[in-house]
Amino acid sequence: MFVPNADPDREAMLKTIGVERIEDLFTDVPEGYRFPKLNLPEALSEMEAYAHLSELAQANSSVRDLTCFLGAGAYHHYIPAVVDAIIQRGEFLTAYTPYQPEVSQGTLQAIFEYQSLMALLTGMEVCNASHYDGATAAAEAVIMAYHHFRGKRTKVLVSHALHPQYRATIRTYMQGYTQLTITGDECTDCDPLAGPEVLLRAIDTNTALVIVQYPDFLGRIYDYTELANTAHQAGALFAIAVNPIALGLLKPPGEFGADIVIGEGQPLGIPLSFGGPYLGIFATRKEFVRKIAGRLVGETVDQDGKRAYVLTLTAREQHIRREKATSNICSNQGLMALASTVYLSLLGKQGLRQVAELCYQKAHYAADLISQIPGYTVCSNAPFFHEFVVCCPKPVSEINQALLEYGILGGFDLSTDYPGLKNAMLIAVTEMNTREEIETLRDVLEDISHE
Amino acid sequence: MSEPTIFELSSPGRTGVTFPQADVPSTPLPDTLIRENLPLPELSEVDVVRHFTRLSRMNYCIDYGIYPLGSCTMKYNPRINEATARFPGFAYTHPLQPEETIQGNLYLMYHLQEWLKEIAGFSAVSLQPAAGAHGELTGILMIRAYHQHRGDTKRTRVLIPDSAHGTNPATSAMSGFEVVPVPTDKNGNVDLEILRSLLDDTIAGIMLTNPNTLGLFEQNILEVTKLVHQVGGLVYGDGANLNALLGIARPGDLGIDVMHFNLHKTFSTPHGGGGPGAGPVGASERLKDFLPGPIVEIVEEGNEDYPPLYGFREPKYSIGRVKSFYGHFGIMIRAYTYIAMHGPEGLRKVAENAVINANYLQARLRGTYKIPYDRICMHEFVVEGKWADAPEIIALDISKRLMDYDFHPPTNYFPLIVHDALMIEPTETESKQTLDAFADALIKIAEEAHTQPELLKSAPHNTPVRRVDEVKAAKDLVLCCWLPEEQQ
């Protein structure tokens, strides 16, 4: 199908190679293990494959079929048509990592612009060419901090309001670092709605890194200046995981004194796509640039003095440094980084602020309406961006089941990750939600509580 | 002309997209946390489209021509994959939706797991890892967890052949293991003698690439896996070169315990200028319970009237999750589409043609270029990019000169055990005509190296930029650009 050579071509080639039959090329494979019969379905034509996949897609109810109030780390935002048109250009889509800069200036300049936009958005000095997602970027932040202190500081403090999947990923990544303790989020008998001040007491001179989220997993926004200062006074590094859309409206983490900013770039023009591929943001201060994992693009000149771009500081990377590299990352999320670059270029200064404000206004309107329904309370009084915790009169799974019957995808059931938050739902509202949808949600929630 | 940056193109007051006005009453913004300054560029939609279109024209890509980067499997990317991955029913599903609303996704993931198991001979597959290196990390952490689970705590070392990808040693080090290199023998196989001398009960396992990075099938594969197993070690298989084995041999049958798949290489999902890829991991019976979750299973058998119900499950001794959600679902759709369109015979045909193409190209270059390990190769091979009688020429010069002939160069300087290596992987999606044109260019360049070496030294001549100053990039580090001051 995608093999151009037909039998006559192959015969001519086998002759040049000097073998008689195709099978002669595989005599190194131990006999008895050669040419296994694979039990797979017979091949479909393109037309049949299209129909089959189309049927599978239609077996789902997507957020186009349902009204979505679900976030918790993946958000339904509008993606301008230009974003997909650009990333579908074969020149971007079907190129590889730009190892040969002379024929890869398009990818290189696009990544350079991505690095620039992300540095500006986060208020940091440098950003790499991406990680797999927010969770793995968080794990790489821990690895960087650990190596920064040459393994001499063995405690990493994570906020309990850091995305639970980020915390799980950090723990998996660090299994080989047996002396390292990851702590701060064991909220067994404490208040799950406590703020970041609970971390203050735990910071000490053995702390390598403190990680918080902004807005945090429960949607809340805090000024982290004091926490950053306390971390720095103890000699620790301070990292903030961000939602980049919120940074269109909110003070950037660079202004809180963050040393590392990580984040999930999915909201910036990348479809929900059932959880991936997404985009891991990793930005930091210039002094850590040689410790950063992954690719970096630098500006330089060619031999005629013309401006050009190239992968730089590659001596940090695994293909050169092998076991001394601090990370093994190789393939990253180049195309997703391009999507976010096109998205940010299109929205620009005004557009991003507008989207962020729409999210903020609509979420606050929703919170207002819901808090007026008897039995429901918005149960955190901290300021929030576009996601908030609602305490409900019955288990969230029951409420969500009922909402689904009205075509509404309800919020995230917090009891799955926070046993102390029984009957609590995390509701996300974006620019995609109309006033009518928000009011319907209110009406249905009210009806459900009477059932 | 070089292309200005988006910051240089910015003009105050422009915007590339409009959004509706708020249709809800206004709530005051939190004044202490409000951002004062957002120095993003301002451009119209047409500015943005033209900028990125102009940039795109400075890239070489598979849609344009052969991209024979060894070990990267740059095969043609069927457009049907892009169409199916964009079906709204897939692209607009949220990863935390209730399972009953996403049965289409779960069906696809379940069958992709099953197919990968069958193709490579494993007992279970987790689709979660995001890339090849991520799959390696997953696999090595699983090996670690397996030994720990059995209380076998003295295994601190991992064997890695010197021809391995840099990701292999980096992965082992990241997982807390000491890396022990294993040399390659004169035939391009793992040196069995030395391997035997290194094996003891401190060995957690070996990371093996087969076919290896010289493009050669490991002739002693059964012996290697047996020896490592005999001392209680496990075998990690680097699946980067699986393209050569589809329908030819199954790694699981050969004694590999755990292996990653590079969906973006073997199953034709585009590399996107560096990613995204996807690196699912397959495991043998004894390692399957350590896979990262969640994994898709049938939770309720179907019958005549109802299809089976699919759901997520965590493996019993899972190492935990290695990223958020379930992996790169969008990439899984592409790989699923590709496998569904090939079937068992089609996949075998892919491998056969990849191997024919590589051997044909090797045969055409034999005599002009030195082939350090001259055997029948699998889907790629390595030649030396230098000649004793043209001492100033190095592999890089040949690569740069290839660009003038409108070809993407092969991989340079890898594997490290061959001096001035050019590692060439044509893949099955190139025609004989393309291979002939590529071989002709390489033969012509070999002649130029002897008669007009300066042509190579000063190449490329016909590209958007000439040879790039990499030293300056690292010395005068410029990693960002900004808006001009008056616009900030």
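**Reading pockets and backbone in a predicted model**

Modeller: Let us start with helix 12 of chain A, which gives four residues, the largest share, to the lining of the second largest pocket. The model is predicted, so local features need pLDDT of at least 70 and side-chain atom pairs count only at pLDDT 80 or more, while totals for chains, interfaces and linings use all residues, and side-chain values use heavy atoms, leaving out hydrogens and water. Residues are numbered from 1 along each chain as its sequence is written, with chains lettered from A and ligands numbered from 1 in the order in which they are written.

Biologist: Which residues lie nearest the centre of the second largest pocket?

Modeller: A pocket is an open set of points on a 1 Å grid over the protein atoms alone, where a 1.4 Å probe fits, with protein on both sides within 12 Å along at least five of seven lines, and lining residues have an atom within 4 Å of a point. Here 30 residues line the second largest pocket, and A:Phe412, A:Thr416, B:Leu96, B:Gln97 and B:Tyr326 lie nearest its centre. Two or more lining residues come from each of helix 7 (164-173), helix 12 (396-405), strand 13 (408-409) and strand 14 (412-413) of chain A; helices (H or I, at least four residues) and strands (E, at least two) are DSSP runs, numbered from the N terminus.

Biologist: How many residues line the largest pocket?

Modeller: The lining of the largest pocket has 42 residues, and those nearest its centre are A:Tyr99, A:His319, B:Thr411, B:Asn412 and B:Phe414. Among the elements that each supply at least two lining residues are strand 10 (307-311) and helix 10 (318-321) of chain A, and helix 6 (132-149) and helix 13 (395-404) of chain B.

Biologist: Which peptide bond is cis in the loop regions of chain A?

Modeller: Most residues other than glycine have a negative phi, and most peptide bonds are trans. The bond from A:Gly276 to A:Pro277 is cis, with omega near 5°, and A:Pro277 sits in the loop between strand 7 (260-264) and strand 8 (280-284) of chain A. In chain B, a cis peptide bond joins B:Ala459 and B:Pro460, where omega is about 0°.

Biologist: Is A:Ser130, with its positive phi, buried or exposed?

Modeller: A:Ser130 is not a glycine, yet its phi is about 105°, and at 1% relative accessibility A:Ser130 counts as buried (under 20% relative accessible area; exposed is over 50%, partly exposed in between, with a 1.4 Å probe and protein chains only). A:Leu313, also not a glycine, has a positive phi of about 50°; this residue lies in the loop between strand 10 and helix 10 of chain A and is buried at 10% relative accessibility.
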